[in-house]
Amino acid sequence: MDLKAQNISKRFYRKAGESNYFYAVRETDLELPSGALSVLMGRSGSGKTTLLSMLSGLLSPDTGTVTADGRDLYSMDDRKLSAFRAARISVMPQGRAVLDTLSAWENVFLNARIAGVRDESLVPRALELMERFGIPDLKEALPKELSGGELRRVMLCRSLLLSPEVLMCDEPTGDLDDQNTALVLDSLRDYAHQGHTVLLVTHEADAVSYADRLLQMDAGRISTPDPV
Ligand SMILES: Nc1ncnc2c1ncn2[C@@H]1O[C@H](COP(=O)(O)OP(=O)(O)O)[C@@H](O)[C@H]1O
Ligand SMILES: [Mg+2]
């Protein structure tokens, strides 16, 4: 699925300061093709998460449109958009997004449960994913018993479980060591090359060499850096 953003922007209100509105994302055009790993780099506060949220149907832009295979996401009503997102767009959020009372295994299935998907084939797929990311022994563990890096990998298994057409990961390697960072970046690139649309958002330079398309974000604006 190709995702296309045209002229999207987002302003936020900030209480302090002279002017109360500021642009987190300035008017931006962007296309995310399937079959490619797009990497969006930029320092903290440059607007990456805001842009990802708009692209994934989570945050309505102030201007412009986001279309997925030609369908305008924000002209759908809430129910339609939720159903569309659940089936086709998966987001791995920045930060810690697990339910503390559920085991790692249950957390891997959380989004599928919420989407009402009860497919037998998800069990072997979940096992395979946990194996691939080196956490097969942590199925019964509770989040409080897991390290930041292990939690991150649980979240990644969850994002991949339903084999979404579009996968967007916000700082997925923030608390991983070098070896696991390479494993995750490799997996995301593989997933893209299987024909999916993958966006990786990061402030870390490790990802550059994995990118099929590299985008740089600076103070709410996107640029394409010159090839090195
Ligand atoms: N809901 C919000 N309300 C007000 N300001 C916000 C909100 N979300 C993000 N911001 C601000 O917008 C800017 C961009 O944030 P963000 O998109 O999270 O950047 P990044 O992901 O690149 O670190 C930051 O200055 C941040 O403080
Ligand atoms: Mg962010």
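**Conventions.** I number residues from 1 along each chain as its sequence is written, and letter chains from A and number ligands from 1 in the order written. In this predicted model, local features need pLDDT of at least 70, side-chain atom pairs count only at pLDDT 80 or more, totals for chains, interfaces and linings use all residues, and side-chain values use heavy atoms, without hydrogens and water.

**Magnesium.** I looked up what holds the magnesium ion (ligand 2), and found Thr49 (OG1) and Gln94 (OE1) at 2.0 to 2.4 Å. Donors are N, O and S atoms within 2.8 Å of the metal (3.2 Å for Na, K and Ca); water is not among the atoms, so sites may look incomplete. Thr49 lies in helix α1 (residues 48-55) and Gln94 in the loop between β6 (89-92) and α3 (104-108), so the pair ties together parts 45 residues apart in sequence. I take helices (H or I, at least four residues) and strands (E, at least two) as DSSP runs, numbered from the N terminus.

Thr49 is partly exposed, with a relative accessible area of 32%. Gln94 is partly exposed too, at 43%. Buried means under 20%, exposed over 50%, and partly exposed in between (1.4 Å probe, protein chains only).

**Strands.** I then checked β9 (residues 213-218). It runs parallel to β3 (residues 36-41), with 4 bridges. Val39 stands opposite Leu214. β9 also runs antiparallel to β10 (residues 221-223), through 3 bridges. Gln216 has Ser223 as its bridge partner there. Pairing takes at least two DSSP bridges between two strands.
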